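Here are some friendly notes to read alongside the model. Please keep the structure open and find each residue as you go.

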Amino acid sequence: MQGAFAEHEAVLRRLNIEYFEIRKSQDWQQPCDGLIIPGGESTVMNKLLHTLGLFTSIQKAIMDGLPIFGTCAGMILLAKEVRGGRPCLATMDITVQRNAYGRQSGSFTTIENFQDLGPLPMTFIRAPYIEQTGKNVEILAKVNGKIIAARQANQLVTAFHPELDEEPAVHKYFLNMVQQYLQHK
């Protein structure tokens with residue numbers, strides 16, 4: 001619909017993973033094993049989910065266990081509580097601070113540890129961070145004491161943009177979640 005979908009597609013192509021874009025409600029009718037909500041403008045994405053008739057079916061699919069990976073704006077859309085904005089899908093028990101690192105000029109890159117993956121490059125662009133997590137949320141990474149990656153069951157979120165770095169480790173982590181889902185489906 002909007003955001004950094006082309007960059008995620010490039011990573012999936014490098015990993016030889018089939019994918020398709022969801023731009024209208026008819027696209028959602030295709031069989032889908034997982035969903036990536038890219039970074040972009042969360043307010044616009046929220047409006048489009050409703051306008052295009054995708055909101056209810058995507059929210060239900062997540063609640064039914066479909067693996068989902070939200071990066072940056074995708075994290076905001078999944079959060080149950082959003083400081084500086086309104087919740088959208090509200091399927092993940094996290095409180096997110098929008099634009100926590102300021103304007104575009106506050107963007108930065110760092111290398112930090114990601115649980116089970118080790119040190120990874122992380123690119124932040126007008127990024128949020130997680131202020132609070134519910135008891136069933138696993139914290140996967142922090143930068144300067146701020147939670148920037150987490151998982152709750154079938155939902156994975158990152159405040160950074162792994163699609164902008166050469167290392168596909170976070171995408172592989174998500175694909176492993178999809179594989180587990182398919183084995184138990």
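1. Which residues touch the most other members of the largest nonpolar core? This core has 53 residues, and those that touch the most other members are Trp 28, Leu 89, Ile 94, Phe 114, Phe 124, Ile 148 and Leu 156. Helix 5 (residues 169-184) gives the largest share of this core, six residues. A nonpolar core here is a set of buried Ala, Val, Leu, Ile, Met, Phe, Trp, Tyr and Cys residues joined through side-chain atoms within 4.5 Å. Buried means under 20% relative accessible area, exposed over 50%, and partly exposed in between, with a 1.4 Å probe and protein chains only.

2. A word on the source: this is a predicted model, in which local features need pLDDT of at least 70 and side-chain atom pairs count only at pLDDT 80 or more, while totals for chains, interfaces and linings use all residues. Residues are numbered from 1 along each chain as its sequence is written, and side-chain values use heavy atoms, with hydrogens and water left out. The pLDDT is the predictor's confidence in each residue, from 0 to 100. The chain has a mean pLDDT of 93, and 97% of its residues reach 70 or more. Among the elements of the chain, strand 10 has the highest mean pLDDT (98) and helix 2 (residues 42-51) the lowest (92). Helices (H or I, at least four residues) and strands (E, at least two) are DSSP runs, numbered from the N terminus.

3. Contact means heavy atoms within 4.5 Å.

4. Now turn to helix 1 (residues 5-14), where His 8, Glu 9, Val 11 and Leu 12 are buried. Seen down the axis of helix 1, these buried residues fall within an arc of 160 degrees, so they line one face of the helix. The arc is that of the directions from the helix axis to the C-beta atoms. An α-helix has 3.6 residues a turn, so residues three or four places apart point the same way. The buried residues of helix 1 pack against strand 1 (35-37), strand 2 (68-71) and helix 5. Just after helix 1, Asn 16 takes a positive phi of about 60 degrees.

5. Compare helix 3 (residues 55-63), whose buried residues are Phe 55, Ile 58, Ala 61 and Ile 62. Their arc, seen down the axis of helix 3, is within 140 degrees, so they line one face of the helix. Thr 56 and Met 63 are exposed on the face turned away from that buried side. The buried residues of helix 3 pack against strand 1, helix 2, strand 2, helix 4 (73-78) and strand 10.

6. Strand 10 runs parallel to strand 2, joined by four bridges, and Thr 71 stands opposite Thr 158. Strand 9 (residues 146-152) pairs with strand 10 in the antiparallel sense, over four bridges. Two strands pair if DSSP finds at least two bridges between them. The hairpin of strand 9 and strand 10 has two residues between the strands, and Ala 153 there takes a positive phi near 55 degrees.

7. Asn 113 stands opposite Pro 119 in strand 6. With three residues between the strands, this hairpin includes Asp 116, which takes a positive phi near 70 degrees.

8. How many disulfides does the structure hold? The structure holds zero disulfides, a disulfide being a pair of cysteine sulfur atoms within 2.5 Å. For Cys 32, the nearest cysteine sulfur, that of Cys 88, is 17 Å away. For Cys 72, the nearest is also that of Cys 88, at 15 Å.
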